[in-house]
Amino acid sequence: MSIVALLFIGFSFGAALLLLAGNILQAREPVRFTSKLAGFLLIAGLAGIQSLHLGYLLNRYDLVHSALYLFLLYGIAPSFYFYSRQLLRNDAGYSRHDVLHVLPFALCMILPYRLALPGAFLVGGGYLLWLAKTVYALRGQRQRFHWELLALGVLFAIAVAVLVLGFIWPLLDEADFIAAYSILIGLAFFAVALTLLRFPGIAADVSEAVQAAYAESTLKNIDKPAVLAKLDALMTQDKLYALETLNLGLLAEQLNLSQHQLSELINTEFQQGFSRYIREQRIAAAKKLLLAEPNASVLSIGLTVGFSTQSNFYAAFRDIVGVAPGQYRKTHAG
């Protein structure tokens, strides 16, 4: 098991660097500074735990029994909470009661190791219940998601496995516990990296689903048929989807709506969020161009319909169509 654990630890370090560089600190969507900081601390904390596991498994140093290890353990759940709160909650503000989230750090400094270690997993269990409750509140928006739900389910299952591991650790050999925990952290990194590669717009989709779940109707005085007709014209005639910088605010301005109104309109009429709606418009146009312009490169077509990178185009095409753009062209070529 130790060899497998070492492989997952190595993968964790690489994945942590990629996530920090590409999907946390450099995210294009507007994210609060506190969420970015929490995301950084979450990934750095998990990588730190893996580095201590590495030293233990290689018999180089033993910091698994140190206050540093407990501090990192107790920091994971609050970091995840503050990172995901903006994404999963409609109210992204903070209050003085949020200071209570630092109390577990005091416990890890006071309690003896044999109590502090399971205590960290007990604290994690509390946050896991919060996550389950929050996600359950979004059940009305499940029609928006397909394979994304499976990916989130895998992450949730890993979190449950970590929780169980924390409670049965006295029954295990310590080396086996460290190895198993290292593997689970590595699996979590793998699942997150794979999810972001497969569904690069998942954060925006979830955020829009949250807004739809909690928002009150803003369309009471809107002529929906007229607005929908204008929206269709902007997509089919003006090809506004091809604008790489197109966002909710810009499209709402074209329709003389507020951002909340446009978001609700797309949610209620198309059962999807703005980001996915635009991706589907772009992919529909790309499918036509792939067949109409057989000599054009796949990359040029992706850029033409509004995608900023080839990887985003490929990921969106696979998500919506089920195959890669090149394969689609070969299959449907006349």
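**Salt bridges up close**

**View 1. Arg276 pairs with Asp319.** Arg276 and Asp319 form a salt bridge, with their closest N and O atoms 2.8 Å apart; the term stands for a side-chain nitrogen of Lys or Arg within 4 Å of a carboxyl oxygen of Asp or Glu. This is a predicted model, where local features need pLDDT of at least 70, side-chain atom pairs count only at pLDDT 80 or more, and totals for chains, interfaces and linings use all residues. Residues are numbered from 1 along each chain as its sequence is written, and side-chain values use heavy atoms, leaving out hydrogens and water. Arg276 sits in helix α12 and Asp319 in helix α14 (residues 310-321), so the pair ties together parts 43 residues apart in sequence. Helices here are DSSP runs (H or I, at least four residues), numbered from the N terminus. Both Arg276 and Asp319 are buried, meaning under 20% relative accessible area, while exposed is over 50% and partly exposed is in between (1.4 Å probe, protein chains only).

**View 2. Glu280 joins in.** Arg276 also meets Glu280 in a salt bridge (3.3 Å, N to O). These two are four residues apart in helix α12 (residues 274-292), so about one helical turn separates them. Glu280 is partly exposed at 29% relative accessibility, whereas Arg276 is buried at 5%. Shared partners link Arg276, Glu280 and Asp319 into one salt-bridge network.

**View 3. Glu269 meets Lys224.** The side chains of Glu269 and Lys224 make a salt bridge (3.4 Å, N to O). Glu269 is in helix α11 (residues 259-270) and Lys224 in helix α9 (residues 224-236), 45 residues apart. Glu269 is partly exposed at 32%, and so is Lys224 at 30%.
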